[in-house]
Amino acid sequence: MESIIIAAIGGALGNLGSDTVKAGYRKLRELLLRKSGAAGALESLEQKPDSANRKGVLQEELEAAGADKDAEIIKAAEELLALMGKAQPGSGSINQTASGDHSKVIAVVGGQHVSINA
């Protein structure tokens, strides 16, 4: 399961057009570099943010350093996720009703495609 830290990093790397997201990402990045020593894994993920393998390597390094349980890092990740929610156009609630024998609803929520079979 992807940690809140990895989710925040992945989301931010896809949303660096917003100055508030950039500032939040810089804060989280600086904390991670200072407290985890995972510079190589983080820089590698920054180069290829969609790579599940690179996310996994960073997650392993954060866990090994105990950074995944660090309150300051977790708070920065939560704040970054909140900033992204405010920065994304159209973020908020989506209500969709579908009916029929083979209904399928597809939506983009928080930058993620969500598919629901009804």
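Mentor: Let's begin with a helix contact: Tyr25, Arg29 and Leu33 in H2 meet Ala39, Leu42, Glu43 and Glu46 in H3. Contact here means heavy atoms within 4.5 Å. By class, that contact of H2 with H3 has 4 nonpolar, no polar and 3 charged residues. Ala, Val, Leu, Ile, Met, Phe, Trp, Tyr, Cys and Pro count as nonpolar, Asp, Glu, Lys and Arg as charged, and the others, Gly among them, as polar.

Trainee: Before we go on, what am I looking at, and how are things numbered?

Mentor: This is a predicted model, in which local features need pLDDT of at least 70 and side-chain atom pairs count only at pLDDT 80 or more, while totals for chains, interfaces and linings use all residues. Residues are numbered from 1 along each chain as its sequence is written, and side-chain values use heavy atoms, with hydrogens and water left out.

Trainee: How many helices and strands does the chain have?

Mentor: Helices (H or I, at least four residues) and strands (E, at least two) are DSSP runs, numbered from the N terminus. The chain has 5 helices and 2 strands, and along the sequence they follow the pattern α-α-α-α-α-β-β.

Trainee: Back to H2 and H3, then. At roughly what angle do their axes cross?

Mentor: An axis is a line fitted to C-alpha atoms, for helices over the stretch in contact, and angles run from 0 to 180 degrees between N-to-C directions. The axes of H2 (residues 19-36) and H3 (residues 39-47) cross at roughly 150° and come within 9 Å. The crossing also has a hand: left-handed if the near helix is turned anticlockwise from the far one by less than a right angle, right-handed if clockwise. For H2 and H3 it is right-handed.

Trainee: And how do H3 and H4 lie relative to each other?

Mentor: Angles under 35 degrees count as roughly parallel, over 145 as roughly antiparallel, 65 to 115 as roughly perpendicular and the rest as oblique. The axes of H3 and H4 (residues 52-65) cross at roughly 160° and come within 9 Å, so the two helices are roughly antiparallel. This crossing is left-handed. On the H3 side the contact uses Ala41, Leu42, Ser44, Leu45 and Gln47, and on the H4 side Arg54, Lys55, Val57, Leu58 and Glu61. Those residues divide into 5 nonpolar, 2 polar and 3 charged.

Trainee: Which residues make the contact between H1 and H4?

Mentor: Take the geometry to begin with: the axes of H1 and H4 come within 10 Å and cross at roughly 135°. That angle makes H1 oblique to H4, and the crossing is right-handed. Ile5, Ile6 and Ile9 of H1 meet Lys55, Leu58, Gln59 and Leu62 of H4. The classes are 5 nonpolar, 1 polar and 1 charged.

Trainee: Now single residues. Is Ser36 buried or exposed?

Mentor: Buried means under 20% relative accessible area, exposed over 50%, and partly exposed in between (1.4 Å probe, protein chains only). Ser36, in helix H2, has 12% relative accessibility and therefore counts as buried. Leaving aside residues up to four places away in sequence, Ser36 touches Leu31, Leu62, Ala65 and Ala67. Across the chain, 30% of the 118 residues count as buried.

Trainee: What does the side chain of Ser36 reach at 2.5 Å?

Mentor: Here we want polar contacts: pairs of N or O atoms within 3.5 Å, where within protein one must be able to donate a hydrogen and the other to accept it, and residues adjacent in sequence count only if both atoms are side-chain atoms. The side chain of Ser36 reaches the backbone oxygen of Leu32 at 2.5 Å. A polar atom of that side chain also lies 3.1 Å from the backbone nitrogen of Ala38.

Trainee: Where is Ser51 found?

Mentor: Ser51 sits in the loop between H3 and H4 and is buried, at 12% relative accessible area. A polar atom of its side chain lies 3.1 Å from the backbone nitrogen of Arg54. Ser3, in the segment before helix H1 (4-13), is buried at 15%, and a polar atom of the Ser3 side chain lies 3.2 Å from the backbone nitrogen of Ile6.
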